[in-house]
Amino acid sequence: MSDAEQPTDDHVPGAEEEEFEPVQVFPEAEEMDLRPGADNCYKCSTCDTNCPVAEVDDEFPGPKFQGPEQWRLKRQDDHDVDDSVMKCSNCMRCDSACPSEVPLSQMHNTARGEYVEENMDKLSREYIRNRILANYRRLAPLAAAFPRTANFVMGLSVTKWMGEKVLGITSEREFPEFATETFREWWTKRGGAKVENPDKRIAYFHGCYSNYNTPEVAKALVRVYEHLGYEIMVPDQSCSGTPMFANGMLEDARRAAETNVRELAAALEEGADIVASCSSCSMSLRQEYPELFDFEDTETVAANTWDAVEYLRVHEDLEGELEETSVDGEEFAYHAPCHSRNQGLDGQTIELMELIDGIEAHDVGDSCSGISGTYGWKEENYETSMKIGEEMFEHMDDAPAETGLTECPTCSMQMEHGTGYEIKHTLEVLEAALVGTDDADGRREAG
Amino acid sequence: MAIEDDVLVIGGGLAGATAALAAADAAPDARVRLVTYKQSTLRHASGLIDILGYAPGAPEEGPLVDPFDALEDLPQGHPYERVGSEAVREALAFFDETVGDAYAGDHTDANALVPTHGGTVKPTARYPVAAADGLASDDRDALLVGFETLPDFEAPLAAAHLEAAGAPFSARGVTVPFPGIVRDDAKVTRYAHLLDHDESVATGAGETGAREALATTISERLEGESRVGFPAILGDERADAVRADLADALGVDVFEVPMGPPSLPGMRLEDLLYGALEERGVRVTSGVPVIDFETAEADAVAADGGSGDDRIDRVVVDRNGTEVPHRADQYVLATGGLVGKGVRSERERVFEPIFDCHVPHAEDRYDWFVDDAFGDHPFARFGLAPDRDLRPLDARDDPEFANLRAAGAVLGGYDFAAEKSGAGVSLATGYVAGTRAAEEGE
């Protein structure tokens, strides 16, 4: 009956024999083949209605253009990647908007990489600024070595003025403070893991921010997991790569990813699962690595990486544990980060908070915070970033709470910036409920 | 361990959301979860709630005046025939209660005729209040307004079509620039955001709010019409205020003409339904697909060849590569049809990808369609065949699983595009599947 034994035009992603193959884009980016994805786009434009940038910026052509349309256009030799791709904030909302399984964010990441590689002047202010922002982790150790000095210098108005004039980093924002003791320093000082357990073991991917800026989040994870009997490994690690993807610095991301995959795969060998406390880090390890890289073990690392809270929900009776807990009354305005949303984790925090006696968490809705990592730090994006965030600020103001709650470090910067609220991480609340905060581990003096 | 609930609904469109709401309503103590892969397809929906616009197989007879009359004569296997017309009424009443005064049309059994962006009229049972002043049965003259940067609504053409279709009023269309929009392909959400926030825009007379600027643009073109129709982009979160402001400034009634996807009325309906889900404590997990399942009696499957006693123990959700188990007592499958990818096809077969439920279809794929492009295509009716309890049946007419029901476009036996019955079937089957799942789970 069939006129072809081997159909060539019938791409059905998810069908058994024809698994979608993400393509290695390095080192020959021009050889990437995202045609099956581009062909799946039937131009319904739903992605465009989810794009927080297109909603407030008349100049931005939207994810449909940046993905499948741009990909097709530049098949022709006379078309360069359009510079508007740098206005994409990498929130990745278009991925879950698409009813047709077009790998939009993968297309954006590859297009952005190509644009930066081929069209951006490496001596330009923009390139240098983006490289600095994307490689925040490289500067962080220096600042962390002299945190008080760094915080003082970064807070000076002259520094901010220089940042904006020379580098194009907005002077509107406060630089995040560096902790006086990084998480890794604390971890080493306490002598590493306090629990040994060959049956319950995790490798913690803490990422940069909770190491250098908010070690209290990382310590909360340690206390919660040890409370539940887990042995914690803290493997060597580099930046997750998220700010690098977002800035088209794919070579930098590749180097970071190679380290992470190697170290995390080694931890898997030792019987650990990988958990991350930052939603962009887990997104990166789970989705972007397999889409963009093909190191040995990339897939294995992705398949065994978990969000820290989600892991406990599946492997422990977390709900049962929480039902017996209570804390002194506290109300939160909860914002689900885009990168939690994209992993189906947006309802998780509210579900758990409901179980803790004394805690009220109010979901402030599905709007994007607008900062999107390094995006909102750029002078030219600041206004767009705040316009996107306006809805979230309004909803936070409306919620009967004066403290914010989220799992993403940069979302929390934006929440604080727009409302003046103090912001906490879900793990910190779980720590307070399950372990208490006055642990002898020295958290208070560390902060 | 797994993530545990009592009722798990798979799919976040109109059928899935209704099933989850109905389950939470029928068993208030039950834990209900909705898992949806992609964002709700309600964004593609017109926002109109059709029950039955045309008799199945007889579109030439014209739009049906009373859809409920026609429900009694539907062919066997049609989803409405499976659940019965009383359930359709109950489901519609449930919808009315859920959306409150955001929708109109519940004063009558008769279909309303709502003008579409192409200038045709669509027979529908419920319509957003934003569209209420646009009904084609209303005899007031209408001005339709299109925008130069929004090619999906060609107002003069739509007006001409309406008149040609015999609308009992005079319709005129004008095309104007939209104040504050420069780019040719601005997103519909961009228009809505400008009006929602009444952003300041530059006009010939200086800076002014977007709503006022738009009203000024239109008032110069009014020629005595007592109602003005816009494409459905008049705000999102604050659509009522936007419409009221425009009506005040113009001194006439203002209505929206439903648009194709992506559709603001669909998004507003999504917000209403998801707001209701949140109020009822339904847990929503989105952005992740259900990819697999395990049965409770794996041995029994092998022994009896898979007849109706098998129960689904858990399903597996793929979270960007990690497999997360979700367990519930009862399951509702509402993943959509061929377009929504709840039913898929290859050259050799048509299948349901999660549970591999039986999809009746001809063996030879040349029998899946007919030559006439607008003909009565078998593929339009592809989908699961359920029993009266909405449990999908296998090839031998036994339920595939004791605790699985199906709702919405994943069901076969009807051609929603030709009949204009998509929303109604989703509501009715979602309502029945959700209610039964909750009752049986208790």
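This is a dialogue on reading features in a predicted model.

Colleague: How is a pair of aromatic rings described?

Modeller: By the distance of the centres and the angle of the planes. A search of the whole structure gives 23 aromatic pairs over all chains. One of them joins B:Phe95 and B:Tyr103, with 5.2 Å centre to centre and 80° between the planes. That pair is edge-to-face.

Colleague: Are B:Phe95 and B:Tyr103 buried or exposed?

Modeller: Both B:Phe95 and B:Tyr103 are buried.

Colleague: Why is the pair of B:Trp368 and B:Phe382 edge-to-face?

Modeller: Planes over 60 degrees apart count as edge-to-face. The planes of B:Trp368 and B:Phe382 stand at 85°, so this pair falls in that class. The ring centres are 5.9 Å apart.

Colleague: Which parts does the pair of B:Trp368 and B:Phe382 tie together?

Modeller: Parts that are 14 residues apart in sequence. B:Trp368 and B:Phe382 each lie in the loop between strands E20 (350–351) and E21 (404–406) of chain B. B:Trp368 is buried at 9% relative accessibility. B:Phe382 is buried too, with a relative accessible area of 11%.

Colleague: Which residues do ring pairs link into a cluster?

Modeller: Look in chain A. The cluster holds A:Phe183, A:Trp186, A:Trp187 and A:Tyr204.

Colleague: Where does the charged end of B:Arg349 sit?

Modeller: Over the ring of B:Phe351, 3.8 Å from the ring centre.

Colleague: Now helices. How are two packed helices described?

Modeller: By the angle between their axes and the distance between the axes. In chain B, helix H1 (residues 14–26) packs on helix H12 (residues 422–441). The angle is about 35°, and the axes are 7 Å apart. The crossing of H1(B) and H12(B) is right-handed.

Colleague: Which residues make the contact of H1(B) and H12(B)?

Modeller: From H1(B), B:Leu14, B:Ala15, B:Thr18, B:Ala19, B:Ala22, B:Ala23 and B:Ala26. From H12(B), the list includes B:Gly430, B:Tyr431, B:Gly434 and B:Ala438. The contact residues divide into ten nonpolar, five polar and no charged.

Colleague: Next, single residues. Where is A:Pro68 found?

Modeller: In helix H4 (residues 63–73) of chain A. A:Pro68 has a relative accessible area of 0%, so it counts as buried. Leaving out residues up to four places away in sequence, A:Pro68 touches A:Ala38, A:Cys41, A:Pro63, A:Val102, A:Leu104 and A:Met107.

Colleague: And A:Thr182: which residues is it in contact with?

Modeller: Neighbours within four places in sequence are left aside. That gives A:Ala144, A:Asn211, A:Tyr212 and A:Pro215. A:Thr182 lies in the loop between helices H10 (157–167) and H11 (183–189) of chain A. At 5% relative accessibility, A:Thr182 is buried.

Colleague: What is phi of A:Lys43?

Modeller: About 65°, a positive value although A:Lys43 is not a glycine. A:Lys43 sits in the loop between helices H1 (35–40) and H2 (46–50) of chain A. A:Lys43 is partly exposed, at 34% relative accessibility.

Colleague: And phi of A:Ser372, what is it near?

Modeller: Near 45°, again positive in a residue other than glycine. A:Ser372 lies in the loop between strand E6 (357–363) and helix H22 (382–398) of chain A.

Colleague: Why does A:Ser372 count as buried?

Modeller: Buried means under 20% relative accessible area. A:Ser372 has 19% relative accessibility, so it counts as buried.

How values were computed: Residues numbered from 1 in each chain as written. Chains lettered and ligands numbered in written order. Predicted model: local features only at pLDDT ≥ 70, side-chain atom pairs only at ≥ 80, totals over all residues. Heavy atoms only, no water. Phe/Tyr/Trp six-rings, centres within 6.5 Å; stacked < 30°, edge-to-face > 60°. Buried < 20%, exposed > 50% of the residue type's maximum accessible area, 1.4 Å probe, protein only. Helix = DSSP H or I, 4+ residues; strand = E, 2+ residues; numbered from the N terminus. Lys NZ or Arg CZ within 6 Å of the ring centre and 35° of its normal. Axes fitted to C-alpha atoms, helices over the stretch in contact; angles between N-to-C directions. Left-handed = near helix turned anticlockwise from the far one by under 90°. Contact = heavy atoms within 4.5 Å. Nonpolar A, V, L, I, M, F, W, Y, C, P; charged D, E, K, R; others polar.
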